[in-house]
Each structure stands twice: as structure tokens, then as C-alpha cells.
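Here is my note on the structure you sent. The points are numbered, and each can be checked against the coordinates.

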Amino acid sequence: MRKKIITPLVTCMALASAAANAAWYEVTGTSTILESTEQARERALEDAIFQALKYSGADIAGLAEIRPYLAESKSDYQFSGNEIRHIQVLDTKDRRGVMKLTARIDIYPTAKACHKNQYKKGLLMSRFDIVSPQQAALGGIFQFGDDFTVLLQRQFETQAQSFVAQGITPHNVSPTQPDVAAMIAEDTGAQYVLIGSITDMSATLDEKVLAKDKTNRQLAMSIDVLDGKSGEVIYQNIYRDIAAWPFERHSKVDTKTARFWTSPYGEMAQRVSRNILLDLESNLSCRASTPEVVSINGQTGQISAGRVHGVKYGDELALWHNASFTDQYGVNRTQLRKSEMKLTVTRVYESSAEISVSPPELSPSIQIGDMVTKHAL
């Protein structure tokens, strides 16, 4: 991977009324040029913004919100209602088919972002299958689906602000089998299950008269995110991109190597995985995280969220009694009732935490499966 340069500049630069935590960031993003320099410029700008958001601690979902406006080639972009307020493109360079773009980005991190006010949500993944395996014959990349799933898992492990990667399940999960999805999610403690399919890996030959023919290759996939309690689909999306396939047509390519992942096609696949992360952050980060009471003994108990979810010693929690029921049509209806008691985290483990109950006389009303939220309201 090419190195990204991230340099924080003077806080509140050029804006006298700016908030105390606002800052300019000068960032360099890169992108491989394929179809047009305009498209490469847009992707390099997205890369620069993502790096600045991560460095500043701002909400990375903000990139998904402004992405449609970046297609317009301008030197200045201004936004309202977003942590990203101003983008100034300083320089663009095309070096051997790689676009490098340097921009100054004005970011106002806010404490109101959902990922700062909720615990992280467990996300379990199933392996991406290749719908038409014959399309993987070019390069013999039949294991690409498995390796892309691992790449996506690492993306969530290192970049996600609202999710905790719960691993990759070896079982087949389908939106048409919600009971199976719910059972697997319960076994792993995941709030959501992500499943995906690779629908297109076809290649096209770009014939040139005076130069060597170039092969371009598609990558299209669909994803479904299922609720871990009900198994119902709560989010769907389709992704499609194209990149140069630089390998010899009859060579076998190992999709586990740096040679593949630093190629134009491998870098494009990494960009797709990041877009999946950004879209889930944008669409699911404000959904309530649902840690539950898993044990209760007098005035103390334990919940199903711990250090990896962001739980800290001394956190105060609100309790919600689970009053779910099955209606006359056999549909499970969720119903939660807020309790007056206050829970305090007294000890934190990797994926669970101990709690104390106040006032203690209300502790007998706590049931296994009752939900907690981060702040007592």
C-alpha cells in the first residue's frame, strides 16, 4: 500500500469563530487511473478525506454522506450539517498511471456522533461466495471470495467505529433462513450478520492499435445485513467497480499475496471493502446497541458487552425490561420497558462486564435477557 501523508495544521485556522476542537488537515490520497483522470481524482479525494477523518477521530460515516458531491471537479467544497466543513484541493499529480491528490480538509469533530454515545455492535460475517465460478478461471482466483471476506473482516477490525468483528462463520447463512441466522448470531453474541455474494468477475479485452492490449476486470457484489435477533434483512446494497487486470492471461494468481493486493484490481477490491464499511457506518451506527443481562445474583450481575465494545469501569447504564411477545399471527413483537434502577459497571472483561444494581431492592425484578443502554436517561 502507498503511504498516506497526514499532517495536522493550525487549529481553527482562518476561522475566528471556529470551535475549539476544529482543525485543518493536509492529506495526500492516491488512486490508480483507469477510465478517466476525473474518476481517479474523485477516488484520490475520497482516500484523502477518509485518512483525515480517521486521524481526527471524526465520524467516518460523514464521507458516505458527501461522496456524491465529490464527482464534480472543483478546487473548493463547502458543506453544512457535516463534520467536514471545507475541502480545498491543493495539488493533483499523475505519475505513471497513479493519481496523487493533496487537500486541506476542515473538520469539526462532534461529541454527538452515534459511535461515541453507544457501545459497539457485534458483526458476524459469512464467506462471500462466487455466484459464477467459471468467471474466476482467469488467474485461477477461485479463493478470492474467501480472501475478500478476510480483507473485509480486517477492515472492520482496524477501521470500524461502530462495530466489533465477531469473526467469520463456517456455516451457510441465507436471508431466506432467518431462524438459522438468528441461531448462529446467538451462539456468537453478534448483533448483526453480514452475508455477501460476488456476482460478476468478468473480464474484457481493451484492444489497442499501437500498444499492448489491456485487460479490464469487473467486480460486482451484493450484501445483506441481518438482524441477529429476528434474522430479518435490515440493510442491502450492491457494489460494482472495474480495474485493470495486469497479470498474464494464462498465469495463476495467488489472492493471498501482496502482489495481488497492490495491483490495480486488488486496490480496487480494497476500495470496495472500505465502501461497505462506510455504508454500514452511515446506515447502522445510530441503531441502538443491545447488550443484555446474562446473569444476575442479588445486587450484582453481568452483561454481554465488554472492553472490545467500549465498556469502561464506572459506566452508568439504564435497564430495559424485555417484555417481547408473540402475536396471534406467530410474529415476535419486541417490547422494552425502561426501569427506574441504575446499573454501574464495576469490572470489565474482554467481551463482558460485571455490574452493580442501585437501589438494591429493585434487583429481583431484573431478568436474564433484559437490555442495557450506555447512559441512564
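1. **Helices α1 and α7.** This is a predicted model, so please read every value below as computed from that prediction. Helix α1 covers residues 37–56 and helix α7 covers residues 264–284. Their packing angle is about 55°, and the axes lie 13 Å apart.

2. From α1 come Arg43, Glu46, Asp47, Phe50 and Gln51. From α7 come Arg271, Arg274, Asn275 and Leu278. By class, the contact of α1 with α7 holds five charged residues, two polar and two nonpolar.

3. **Helices α4 and α7.** Helix α7 also packs against α4, which spans residues 144–159. Here the angle is about 50°, with the axes 10 Å apart. That angle makes α4 oblique to α7. The crossing of α4 and α7 is right-handed.

4. **The α4 side and the α7 side.** On α4, the contact is made by Phe144, Phe148, Leu151, Leu152, Gln155, Phe156 and Gln159. On α7, the partners are Ala269, Gln270, Val272, Ser273, Arg274, Ile276, Leu277 and Leu280. The residues of this contact divide into 10 nonpolar, four polar and one charged. Arg274 of α7 is listed here, and Arg274 also meets α1.

5. **A cis peptide bond.** Please look at the bond from Ser358 to Pro359. It is cis, with omega near -5°. Where does Pro359 sit? Pro359 is in the loop between β19 (353–358) and β20 (371–373).

6. **The chain as a whole.** The secondary structure comes to seven helices and 20 strands. The protein has 377 residues, and 49% of them count as buried. Among contacts with a separation of 6 or more, 65% are between residues 24 or more positions apart.

7. **Surface.** The protein exposes about 18,700 Å². Carbon and sulfur atoms supply 48% of that area.

Note on methods: Residues are numbered from 1 along each chain as its sequence is written. This is a predicted model: local features need pLDDT of at least 70, side-chain atom pairs count only at pLDDT 80 or more; totals for chains, interfaces and linings use all residues. Side-chain values use heavy atoms; hydrogens and water are left out. Helices (H or I, at least four residues) and strands (E, at least two) are DSSP runs, numbered from the N terminus. Buried means under 20% relative accessible area, exposed over 50%, partly exposed in between (1.4 Å probe, protein chains only). Contact means heavy atoms within 4.5 Å. Accessible areas come from the Shrake-Rupley method with a 1.4 Å probe; for residues, only the protein chains shown count as cover. Axes are lines fitted to C-alpha atoms, for helices over the stretch in contact, and angles run from 0 to 180 degrees between N-to-C directions. Ala, Val, Leu, Ile, Met, Phe, Trp, Tyr, Cys and Pro count as nonpolar, Asp, Glu, Lys and Arg as charged, and the others, Gly among them, as polar. Angles under 35 degrees count as roughly parallel, over 145 as roughly antiparallel, 65 to 115 as roughly perpendicular and the rest as oblique. A crossing is left-handed if the near helix is turned anticlockwise from the far one by less than a right angle, and right-handed if clockwise.
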